[in-house]
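Q: Could you walk me through a structure I have never seen before? I would like to learn how to read its features one by one.

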Amino acid sequence: MRFSGFRVLREGLTGNRGWGAHWRDPAPKPEYDVVIIGGGGHGLSTAYYLARNHGITNVAVLEKGYIGGGNVGRNTTIVRANYFLPGNSEFYSHSLRLWEGLEQDLNYNVMHSQRGLINLFHSDGQRDAFVRRGNAMAAQGDDAVLLDREGVRRHLPYLDFDNTRFPIYGGLLHPRGGTARHDAVAWGYARGADARGVDLIQNCEVTGIDIENGKVRGVQTTRGAIRARKVAIVVAGRSSQVAAMAGLRLPIESHVLQAFVTEGLKPVIDHVISYGMGHFYMSQSDKGGLVFGGDLDFYASYAARGNLPLAEHVMEAGMALMPMIGKAKVLRSWGGIMDMTPDGSPIIDRTDTEGLYLDCGWCYGGFKAVPGSGWALAHLMATGQPHASAAKFRLDRFRTGRGLMDEEGTGSQHNLH
């Protein structure tokens, strides 16, 4: 089934009775060429690009719950390529270019909105840091515009520019940054992978990874054993737990990151706004809700819920930045489990076990990386060579100390990234 304006109009006029299922619900086969553990955005995009780019279609994506039920369906939806360090900058630049053609590629509306992202700064030192970042972005081929105080005011007149502690000095505008509809991204990739023959197997939890003589042989699941020559672990905050089934101890801590959404309001926030002094970020969804978040809860946890002190911190930062939102009612909040690496940058690499691959450690960057991550992991699994955009995302950098990418300059403590 292909989508078009005419098809949407026709279905709307006929009670929407002509739509079919967007992907199959197959039973697992005894054996596949590739098994991908994790049916989130990264796992689905990997399966899609294995089929689309490399013609590898005997692939199973195993999801213990339902497609789009994890972090990909519950996040703050931000898409950007405003990274600073080599290794990160070329990867996110590549991912953003994939975002820009994604809807045409998938023939699916993921509601990618390049509304622009503005990172505010509140001191001379922050301005200097953003000047350097903007120059690095421009050198990478991305867009960056330095705004002074009045330049920010023209875009965001409703902010509190005279906050006593953190007055707004200016901002760095990334015009191609924006948002996308999180669950639609999962659905689009699922639909595209299924159409190319990939099996999407839901309610299938992996309980073991079979290894013989240093080679992966398959997985054990709640729906039986499945043999495979190649297995990829793509499970975000559960990476350490699943990797432990293969005898791996990853350099990852799992932390909770909270997000919030308000009642629907009239359109007021045209951009994505990032508050330099409060680790606060906000945008407005297509339904009118203000979507915002803040910092990690600062303790390792697998509980998909946050704590009240961090919720209070986020609300305080929001009120300090834009007091006008004070009467908006918060409808719901949730906690996503973030897989945090010591240097704040991800891992896309093979392991010492032949045929076993990792895609993890995305920290805050998981959603915006979905297309680039799947593209790079599919390339690695199909060709045996890392894709150029992800060549620095090596696992062994944490063993050797060579090639670490401390994007924020905060050191080797997981929760500070």
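Q: Which residue stands opposite Asn 119?
A: Happy to start there, and keep in mind that this model is predicted. In a regular strand the side chains alternate between the two faces of the sheet. Here, Asn 119 faces Ser 274 in β13. Its strand, β4 (residues 117-121), is joined to β13 (residues 272-275) by 3 bridges, and the two run parallel.

Q: How do I read a hairpin, and where does a positive phi occur in the one made by β17 and β18?
A: Begin with the pairing: β17 (residues 347-350) and β18 (residues 356-360) run antiparallel, joined by 4 bridges. Arg 350 stands opposite Tyr 357 in β18. Then look between the strands, where there are 5 residues; in this hairpin Gly 355 takes a positive phi near 90 degrees.

Q: At what angle do helices α3 and α10 pack?
A: The angle between α3 (residues 89-100) and α10 (residues 370-383) is about 105 degrees, and their axes are 7 Å apart. An angle from 65 to 115 degrees counts as roughly perpendicular, so α3 and α10 are roughly perpendicular to each other. On the α3 side, the contact is made by Phe 91, His 94, Ser 95, Leu 98 and Trp 99, while α10 brings Val 370, Pro 371, Gly 372, Ser 373 and Trp 375. By class, these contact residues are 6 nonpolar, 4 polar and no charged.

Q: How are pockets found, and which residues lie nearest the centre of the second largest pocket?
A: The general idea is simple: rolling a probe the size of a water molecule over the atoms shows where empty space is left. In this case, the second largest pocket has a volume of about 500 Å³. Its lining has 27 residues, with His 182, Ser 285, Lys 287, Val 291 and Arg 332 nearest the centre. The elements giving two or more residues to this lining are α7 (182-195), β12 (253-264), β14 (280-284), β15 (289-300) and β16 (330-340). The lining divides into 6 nonpolar, 13 polar and 8 charged residues.

How values were computed
Residues are numbered from 1 along each chain as its sequence is written. This is a predicted model: local features need pLDDT of at least 70, side-chain atom pairs count only at pLDDT 80 or more; totals for chains, interfaces and linings use all residues. Side-chain values use heavy atoms; hydrogens and water are left out. On a 1 Å grid over the protein atoms alone, a cavity is a set of points where a 1.4 Å probe fits but cannot get out, and a pocket is an open set with protein on both sides within 12 Å along at least five of seven lines; lining residues have an atom within 4 Å of a point. Grid points are joined across faces, edges and corners, and a volume is the space filled by probe spheres set on the points. Ala, Val, Leu, Ile, Met, Phe, Trp, Tyr, Cys and Pro count as nonpolar, Asp, Glu, Lys and Arg as charged, and the others, Gly among them, as polar. Axes are lines fitted to C-alpha atoms, for helices over the stretch in contact, and angles run from 0 to 180 degrees between N-to-C directions. Angles under 35 degrees count as roughly parallel, over 145 as roughly antiparallel, 65 to 115 as roughly perpendicular and the rest as oblique. Contact means heavy atoms within 4.5 Å. Two strands pair if DSSP finds at least two bridges between them.
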